[in-house]
Amino acid sequence: MDLNFGKCCGSKKKESWRSVMLLAYQSLGVVYGDLSISPLYVFKSTFAEDIRHSETNEEIFGVLSFVFWTLTLVPLLKYVFIVLRADDNGEGGTFALYSLICRHVKVSLLPNRQVADEALSTYKLEHPPEKNHDSCVKRYLEKHKWLHTALLLLVLLGTCMVIGDGLLTPAISVFSAVSGLEMNMSKEHHQYAVIPITCFILICLFALQHFGTHRVGFVFAPIVLTWLLTISGIGLYNIIQWNPHVYKALSPKYMFMFLRKTRVSGWMSLGGILLCITGAEAMFADLGHFNYAAIQIAFTFLVYPALILAYMGQAAYLSQHHNSAHAIGFYISVPKCVHWPVLMIAILASVVGSQAIISGTFSIINQSQSLGCFPRVKVIHTSDKIHGQIYIPEINWMLMVLCIAVTIGFRDVKHLGNASGLAVMAVMLVTTCLMSLVIVLCWHKPPILALLFLLFFGSIELLYFSASLTKFREGAWLPILLSLFFMIIMFVWHYTTIKKYEFDLQNKVSLEWLLALGPSLGISRVPGIGLVFTDLTSGIPANFSRFVTNLPAFHRVLVFVCVKSVPVPFVPAAERYLVGRVGPVDHRSYRCIVRYGYRDVHQDVDSFETELVTKLGDFIRYDWHRRTTQEDDTVRSNEDSSESRLAVIGTVAYEIEENLQPESVSIGFTTVESMEDVIEMAAPPPTTTVKRVRFAVEEEDRYEEDEEAEAELRSELRDLVAAQEAGTAFILGHSHVKAKQGSSVMKRLAVNFGYNFLRRNCRGPDVALKVPPVSLLEVGMVYVV
């Protein structure tokens with residue numbers, strides 16, 4: 001929906017605001033489920049062991065003051081008013097920040113990057129590149145290659161911590177909600193009932209994931225809204241009933257009084273206080289499903305006040321009840337007459353909050369996979385209408401097993417809170433570091449502002465992070481161990497993927513070799529289309545030369561296909577296919593680069609083969625149209641032996657010329673009747689020219705300037721159709737990777753054992769590309785990296 005469209009007139013503007021309010025309501029169930037259930041366990045986790053609630057109330061008022069200012073400074077000030085503005089074409093999250101930085105600074109480690117990618121409509125920069133924006137920070141980052149790797153490791157760390165949070169949040173949320181049964185059961189019965197009930201709910205939660213969030217998502221927002229109204233109402237009741245002056249504890253002086261009295265124990269208890277902001281990262285991560293205004297309104301005017309009232313109500317009740325029969329917790333402050341309804345709503349709210357973080361884990365793993373940082377896994381899109389609703393079976397069942405094991409192993413809120421708190425603060429620290437780079441490199445603000453942002457919010461988060469680290473032996477070891485495990489997997493996969501690409505680049509075959517193949521060498525052309533899949537965006541891949549060496553024949557129509565990811569969230573369908581020729585026209589060889597963003601649905605067409613042939617036909621018409629209007633025959637003859645000219649085939653055709661001087665390009669379309677628009681675009685590099693031409697490629701009868709050229713055009717199109725009818729073969733490389741002789745022990749372990757183990761036990765490229773098994777031809781390749 002276009003929220004800016006309503007500016008045309010008053011009624012449209014009102015309609016736009018209604019849309020924003022509807023999105024704000026819907027965001028409650030998706031974005032704020034995790035954050036809204038934190039009152040269940042914050043006070044209980046904080047007062048677990050380190051500090052005690054005394055008659056002076058200094059401890060409880062100090063904790064309330066910490067909670068209030070933490071919620072105010074981190075979710076409200078940092079995320080709502082600053083971080084949410086750093087979106088990537090409306091998308092948020094760790095990869096969105098990394099994508100922004102990579103577009104403004106040359107720090108990306110992704111292979112097969114092209115200048116043509118910068119012509120994408122979604123490849124927008126925050127500000128036009130100007131010389132005065134060439135800061136010292138940018139030059140320093142581009143100069144030192146080790147910083148590129150360090151930046152990627154930082155992003156992977158944040159990603160791994162999100163995955164760890166994906167199994168810890170459901171455990172602590174559901175366990176805390178079910179713990180309300182202790183108010184109505186004896187201790188002997190309670191300890192044998194909570195764990196089985198929690199595990200049963202978790203099993204049901206993960207078992208329902210394959211149905212998709214959209215099937216039950218319509219009930220999420222009402223549940224969270226009911227929960228927020230419930231805890232705020234109970235909080236307001238407790239304030240009026242027990243301590244109307246509890247608002248004075250919001251003063252920062254109570255934080256200093258708390259630390260002065262409790263000292264080291266108070267600092268260690270901060271590991272429980274930080275749980276009040278679990279789920280705040282979801283506001284930025286789920287930005288793409290809503291918009292800035294909706295998330296800002298929902299948090300500022302509903303979620304934030306409701307949480308503050310809930311915490312104040314608990315503190316007001318505890319300030320008058322120092323000798324409770326039960327430990328400090330949420331349910332002791334709930335009036336007995338509404339205990340059971342609140343318990344049911346709390347369990348439902350915990351399930352909703354868990355659902356949100358599980359869906360977020362699926363999304364971030366899918367993004368990692370798209371950028372070559374995670375082994376290929378099966379991704380199921382559970383909704384045709386709602387973008388981003390995905391389900392990953394392997395990850396789902398792995399999370400379920402780990403989640404149940406953690407619940408049974410820890411058995412209390414304290415250890416679960418220690419583990420969850422460290423994961424949450426690690427993700428926020430990564431966001432703070434990346435955001436400080438965005439301020440300098442993308443927003444072009446003075447470095448002093450970025451430094452102030454880093455120091456202010458970084459010091460707050462480091463304080464909480466250090467408190468979490470002290471609980472290493474009491475549960476905080478778990479997210480560190482999980483992150484280390486996933487980081488090793490992701491880094492080994494990414495490192496070896498880059499080395500494989502470098503090997504392909506060094507061993508690619510020249511174009512002259514391909515053109516020299518013919519009957520004189522015993523090579524024959526057989527009917528059909530041969531799709532040679534490669535990671536290269538130029539040149540002839542080595543796996544094709546191996547194929548021709550072992551089978552001296554290749555297809556009449558040859559297409560070198562490269563499916564690549566671009567550091568943007570989405571690539572419009574009209575700009576996805578980048579097509580060009582390989583060699584002269586009569587060779588019938590083409591190159592097709594299929595580009596996807598990190599949030600795109602890969603292979604989102606029913607038949608990739610049919611779609612590809614359609615784009616080839618459009619390109620052939622476009623190319624012959626360009627040739628008939630080309631005045632310089634010398635340039636035309638030079639193009640026959642090159643592959644420098646590529647075109648984006650869609651509703652708009654772009655000509656991308658790399659490694660050519662702009663003045664050497666001459667394209668005249670002014671005499672063509674079918675041309676609707678000609679737009680010349682200035683690309684950043686001085687050696688690249690990008691021209692955009694809008695025309696109707698499907699109308700062949702308009703190409704009558706040259707009858708001979710039209711006859712050749714129809715001949716080439718007939719050859720393409722005939723080849724499609726004869727059948728299509730998908731030629732893929734079946735790779736085995738091994739480290740070079742003399743490599744270090746770590747490299748040999750990572751490549752020879754780690755990568756090859758992952759490759760054998762994850763989805764193959766043929767499955768990921770949806771290649772029909774009957775049409776598959778695999779060529780064995782040994783990569784020495």
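**Figure 1. Contacts along the protein chain.** Of the contacts (heavy atoms within 4.5 Å) between residues at least 6 apart in sequence, 82% join residues at least 24 apart. The model is predicted: local features need pLDDT of at least 70 and side-chain atom pairs count only at pLDDT 80 or more, while totals for chains, interfaces and linings use all residues. Residues are numbered from 1 along each chain as its sequence is written, and side-chain values use heavy atoms, with hydrogens and water left out.

**Figure 2. Burial in the protein chain.** The protein chain has 785 residues, and 56% of them count as buried (under 20% relative accessible area, with a 1.4 Å probe and protein chains only). Its 27 helices and 12 strands are DSSP runs numbered from the N terminus (helices: H or I, at least four residues; strands: E, at least two).

Figure 3. The structure holds 0 disulfides (a disulfide is a pair of cysteine sulfur atoms within 2.5 Å). For Cys403, the closest cysteine sulfur is that of Cys199, 8.4 Å away, which is too far for a bond. Cys403 is buried, at 0% relative accessibility. Cys762 also counts as buried, at 16%.

**Figure 4. Thr46 and its surroundings.** Thr46 lies in helix H3, which covers residues 42-46. Thr46 has a relative accessible area of 0%, so this residue is buried. Its side chain reaches the backbone oxygen of Val42 at 2.7 Å. Leaving aside residues up to four places away in sequence, Thr46 touches Ile51, Val63, Ser269, Gly272 and Ile273.

Key
Buried < 20%, exposed > 50% of the residue type's maximum accessible area, 1.4 Å probe, protein only. Polar contact = N/O pair within 3.5 Å; in protein donor to acceptor, adjacent residues only side chain to side chain.
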